[in-house]
Amino acid sequence: MDVGTAALGAWSSGISMYFVAAVLGIAGRLDWVDSPEWLREPWVIGVAVVLFVVELVVDKVPWLDSTWDAVHTALRPTAGAILLAGAEATAGEARQQLWMGLGGAGLALSAHLAKASLRAVVNLSPEPVSNLVVSLGEDGLVAALMGLAVAFPRAALVVACALAAACSVTTVLLVRTLRRTRQRWRDRRRDQLVRRRARRSATG
């Protein structure tokens, strides 16, 4: 598989590893990409599709999506590592495969952390619409990126690196936002508790 295709697939795995696996498996069977043989197996594609459908539903339920992300914190980077380590340019070179695998894990982890941080911030909102919109946006983004990865591998490599850099910055900003929001909640609860105690003292 081309390095560019594998790199963008690795990054996309940080958002939806099952969709990426299904797309690369099907594309491999259609000879659109030279994906690993195990990924082309019908049962692998079938399992990936079923799990993607499950993820598609779970990912749109507030807080349940964050739990799903937590469970996949190790799985998504592992999938990214496997994809990039198995790229055509690194085949048969153990040391290079190791470094490429670490790079693939880093790409997937950057996307995963940005996704998980964004969902944590969005879930603080009391209305469910924003969660649904963000989830649909992520689905559309991954679908577009995988189309790019299959059709334009060279461009895909550049896009993957750019997205990883953008996600690193985004994650830092989102974590700061999350901390500030939680602090406001704590301050509000503390103020409410103080007012309640004051009322009890006044009535007592």
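This is a predicted model: local features need pLDDT of at least 70, side-chain atom pairs count only at pLDDT 80 or more; totals for chains, interfaces and linings use all residues.

Entry 1, terms. I take a cavity to be a set of points, on a 1 Å grid over the protein atoms alone, where a 1.4 Å probe fits but cannot get out. A pocket is an open set with protein on both sides within 12 Å along at least five of seven lines, and lining residues have an atom within 4 Å of a point. Grid points are joined across faces, edges and corners, and a volume is the space filled by probe spheres set on the points. Rolling a probe the size of a water molecule over the atoms shows where empty space is left.

Residues are numbered from 1 along each chain as its sequence is written, and side-chain values use heavy atoms, with hydrogens and water left out.

I looked for cavities of 30 Å³ or more and found one. The largest cavity has a volume of about 50 Å³. Its lining includes Ile15, Ser16, Phe52, Glu55, Lys115 and Glu138. Two or more lining residues come from each of α1, α3 and α7; helices here are DSSP runs (H or I, at least four residues), numbered from the N terminus. I sorted the lining by class and got three nonpolar, two polar and six charged residues. For this, Ala, Val, Leu, Ile, Met, Phe, Trp, Tyr, Cys and Pro count as nonpolar, Asp, Glu, Lys and Arg as charged, and the others, Gly among them, as polar.

I read a volume of about 300 Å³ for the largest pocket. It is lined by 16 residues, and the closest to its centre are Met17, Ala21, Trp38, Leu39 and Val44. The elements that give two or more residues to this lining are α1 (3–29), α2 (37–40), α3 (42–58) and α5 (75–85). Of these, α1 gives the most, with six residues. The classes are 15 nonpolar, one polar and no charged residues.

Of its 13 lining residues, Trp11, Ile15, Ala114, Lys115 and Cys167 are the closest to the centre. I sorted this lining into nine nonpolar, two polar and two charged residues.

Which residue in the loop between α1 and α2 did I note? I noted Asp31, which has a positive phi of about 60° although it is not a glycine. Asp31 is exposed, with a relative accessible area of 66%. Trp63 also is not a glycine and has a positive phi, of about 75°. Trp63 sits in the loop between α3 and α4 (64–71) and is partly exposed at 47% relative accessibility. The cut-offs are under 20% for buried, over 50% for exposed and in between for partly exposed (1.4 Å probe, protein chains only).

I found α3 and α4 packed at an angle of about 135°, with their axes 9 Å apart. Val54, Glu55 and Val58 in α3 meet Leu64, Asp65 and Trp68 in α4, where contact means heavy atoms within 4.5 Å. The residues of this contact divide into four nonpolar, no polar and two charged. Axes are lines fitted to C-alpha atoms, for helices over the stretch in contact, and angles run from 0 to 180 degrees between N-to-C directions.
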